[in-house]
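Subject: Structure handover, salt bridges

Hello,

I am passing on the structure below, together with notes on its salt bridges. Please look it over before reading on.

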Amino acid sequence: MHLDISITPTSLLVRTPDGCTEIRLPAGVRLVPSSCGGLQYISGDGLHLRLRVQAESSPQPISVFNQSLQAQECCTFYCQSCGEVTIKDRKLLRVLPLPSENWSALVGEWCCHPDPFANRPLHPRENDCFIGDSFFLVNLKSDLEQEPKANTKVICKRCKVTLGETMSSETTKFYMTEVIIRPSEGSFPNIPRSQFLQSVIAQCLVELSSARSTFRFTIQGQDSKVYILLWVLNSDSLVIQPLRSSNCSRKFPLLESSLEAGSGSAWNAIKVLYQPCIKSRNKELASSWEGDISVHPLTLPSATCLELLLILSRNNASLPLSLRQMNSFQVAFLKM
């Protein structure tokens, strides 16, 4: 087939005897036409070429609760899925990061005397918020009419989504993927679920990779069942969603923002390798990862694990066939 390709700093035009397709880049993203190379057509895949891209700026990641800026403020906790208020006008005097989940096992290496923290779990006081890898710990004693039982799920009253679980009669764990914390004078930010979940998970993975030099993760449910094996390759990718002149691209409204249908965008993203572990898939590999101390577990509600797997699978399906796998793992990008 005869192909005629024209490249400008803001667009790429492909002409064939059957018509033409123009891909226009979003504002702030420009191509360097002279850098074009590796042009080839792969059957079943499409046209491949490499271009240098210059990005002036990209959208800021969705703000996860910031411990330095929001301490001392009155905050409101919302269900991210429906906007229902979970905790209203809570003044947080201390917002502190928790140590790693295995901190108590290392105390013996720090102390020359018996463990002073034995059987003393870290529980927040009334105006505290402790931040873990993927969750917040808060004290809800003053907000509850009756004392809750430990190890019970916290369910949104409106949409029935699992928001967290009670750790004791006073301490409640909320998952970062399920709640949004904002200053009380503000309003609930209506963020598409897929966009929010990708950004929160991506930021958690980047922070853990940087702080602990950990790049392999198991995504597991509250019952400790592993749903996904995830390997972070890099955190400096840029994902560009261009504008097409044709209307052939299909949208899946559950996963994508309706605002994206009419505008291109550029996003910072992380590139990951993943393997699904549902229905006993990759059982041996999952078992070996669980026994490896260099692999870090991230616990989320089971429904959220399945949501994340759906997002990864859909992202993988959007890539050319030749780029969907690497060393038996599947490839995907999570937007920040």
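Is E178 buried or exposed? In this predicted model, E178 has a relative accessible area of 2%, and it is buried because that value is under the 20% cut-off.

The side chain of E178 forms a salt bridge with that of R193, at 3.3 Å from N to O. E178 sits in the loop between β13 (171-175) and β14 (179-183), while R193 belongs to helix α2 (residues 193-212), so the bridge ties together parts that are 15 residues apart in sequence. R193 also counts as buried, at 16% relative accessibility. A network of salt bridges links E178, R193 and E307.

The search of the whole structure gave seven salt bridges. Two others are described here.

R94 pairs with D128, and their closest N and O atoms are 2.6 Å apart. This pair links distant parts of the chain, with R94 in strand β8 (residues 94-97) and D128 in strand β9 (residues 128-131), 34 residues apart. D128 is buried, with a relative accessible area of 3%, whereas R94 counts as partly exposed at 33% relative accessibility.

D4 forms a salt bridge with R15, with 3.7 Å between the closest N and O atoms. D4 is in strand β1 (residues 4-8) and R15 in strand β2 (residues 11-16), 11 residues apart. Both residues count as partly exposed, D4 at 34% relative accessibility and R15 at 37%.

Regards

Methods. Residues numbered from 1 in each chain as written. Predicted model: local features only at pLDDT ≥ 70, side-chain atom pairs only at ≥ 80, totals over all residues. Heavy atoms only, no water. Salt bridge = Lys/Arg side-chain N within 4 Å of Asp/Glu carboxyl O. Helix = DSSP H or I, 4+ residues; strand = E, 2+ residues; numbered from the N terminus. Buried < 20%, exposed > 50% of the residue type's maximum accessible area, 1.4 Å probe, protein only.
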